[in-house]
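Thanks for coming, everyone. Please have a look at it first.

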Amino acid sequence: MYTELSPKHIQYVSFENLTPQNFLVLIMEAAKKLNWNIGPVSEYGFIAYKKQTGNYSNEELNVGIGTEIAILASRYTGIQTVNEFQNKQNIDSLLVSFIELKNSYNSQELSWRYDQLKPNLVSRRISHLVQPPSTREEDLAGVIGIFKPSPGYHITPIIIDLNIIIFLVMVMSGVHISSPDIASMIKWGANLRLLTMKGEWWRLLSSCFLHAGVLHLFFNMYALLYIGLLLEPHLGKKRFAIAYLLTGIAASITSLWWHNNAVSVGASGAIFGMYGVFLAMLTTNLLQNSTRNALLMSIAVFVGYSLIGGMQHGIDNAAHLGGLISGIVIGYAYVPGLKNSVRNI
């Protein structure tokens, strides 16, 4: 399953009077000229990462070489919802640099450079962009895949589906779709100290599957989708499910401890918990350095920004912090077992 989470800009470029091999050489030189770090290269293309003040940013350049055209794509690999302009600017700059270099080399020089490059080419296909544009049916299948369990992505869609189904049932029963009243939330299982502490402990968990409006549900499910795609393949079904439930309960307990009379609902405490699990893992050597550094910065910025935004009235930041801290603890507890799993593969 492929799910588009971050914005990207794609452009198709004709080889014109160049061979695919000569185009590959020129586009690589153009990327280097713009200070992009080139990864492994194959005859089908390469992936490059933008350098920034001595480190690598989350901007990725993907070049696919076909038989008649090249496909250039710039995308942001972190958590970001509006970066289309920057992605387009990356491609435009690359093409300007490409045109400038094109006038500097003749076909013999390009062929010679490709011969020099050829022994270092990897045999596998690096770029996954050399394919025709997706059809409407394929796009629809990709959307449906968000809600359908698949290998490495099993528990996340089940949780998303449960949250959506519960919300739809609430709406059909008469709960307002955008601004449900407090009485409705309490009736459906919201977390409230007065009731939870008097024996209705099930509210610690039920509140994690309730949402105060369709926008609340949408943003929480978007955040869950992102972390689920990243984290569940590393944890596996059982660890992911256990971590989600435990951090959700921990978030609800923290909310009870902090608030005297607040009605708390939402999956965000458990979602913060999963981000906490991933943050803990990213501070170890479980993942490769290049992947770890980019994701660590991206996740840390997202969590920090979300916590600051959670200081406004009406947002249960106590639950967020409870979920996050418990997730970090669980993440470190998982590390030894995950290392053993890696060794046994």
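Let me start with a definition. The expected span of a helix is 1.5 Å times one less than its number of residues. Keep that in mind for helix 11. One caution before we go on: this is a predicted model.

So, helix 11. It has 15 residues. From its first C-alpha to its last, helix 11 reaches 21 Å. That is close to the 21 Å expected at 1.5 Å a residue. Is helix 11 mostly covered or mostly uncovered? Mostly covered: 15 of its 15 residues are buried.

Now step back to the whole chain. There are 345 residues, and 45% of them count as buried. The chain has 13 helices and five strands. Its accessible surface comes to about 18400 Å². Carbon and sulfur atoms hold 61% of that surface. Next, contacts. Take those with a separation of 6 or more in the chain: 70% of them join residues 24 or more positions apart.

On to the inside. In soluble globular proteins, nonpolar side chains tend to be buried together. Here, the largest nonpolar core has 40 residues. Which residues have the most contacts inside it? They are Leu231, Leu235, Tyr244 and Phe278. Several helices each supply at least two residues of this core: helix 5, helix 9, helix 10, helix 11, helix 12 and helix 13. Which helix gives the most? Helix 11, with ten residues.

Let's zoom in on Tyr244. Leave aside its neighbours within four places in sequence. Tyr244 is then in contact with Ile159, Asn163, Phe209, Leu224, Ala267, Ala270, Ile271 and Met274.

Now find Asn220, in helix 9. Buried or exposed? Asn220 has a relative accessible area of 9%. The cut-off for buried is under 20%, so Asn220 is buried. What does Asn220 touch, not counting residues up to four places away in sequence? His211, Gly266, Ala267, Ser268 and Ile271.

Last topic: aromatic rings. A pair of aromatic rings is described by the distance of the centres and the angle of the planes. This structure holds four aromatic pairs. One of them is Phe15 with Phe23, a tilted pair. Their centres are 5.1 Å apart, with 55 degrees between the planes. Phe23 also pairs with Phe98, again tilted. This time it is 4.9 Å centre to centre and 45 degrees between the planes.

Why does the pair of Phe23 and Phe98 tie together parts that are 75 residues apart in sequence? Because Phe23 lies in helix 1, residues 20-33, while Phe98 lies in helix 2, residues 84-102.

Together, Phe15, Phe23 and Phe98 form one aromatic cluster. How covered are they? Phe15 is buried, at 4% relative accessible area. Phe23 is buried too, at 0%. Phe98 counts as buried, at 6%.

One more ring to find. Look at Tyr334. The charged end of Arg239 sits over its ring, 6.0 Å from the centre.

That's my tour.

Key:
Residues numbered from 1 in each chain as written. Predicted model: local features only at pLDDT ≥ 70, side-chain atom pairs only at ≥ 80, totals over all residues. Heavy atoms only, no water. Phe/Tyr/Trp six-rings, centres within 6.5 Å; stacked < 30°, edge-to-face > 60°. Buried < 20%, exposed > 50% of the residue type's maximum accessible area, 1.4 Å probe, protein only. Helix = DSSP H or I, 4+ residues; strand = E, 2+ residues; numbered from the N terminus. Lys NZ or Arg CZ within 6 Å of the ring centre and 35° of its normal. Core = buried A, V, L, I, M, F, W, Y, C linked by side-chain atoms within 4.5 Å. Contact = heavy atoms within 4.5 Å. Areas by Shrake-Rupley, 256 points an atom, 1.4 Å probe, with all protein chains shown as cover.
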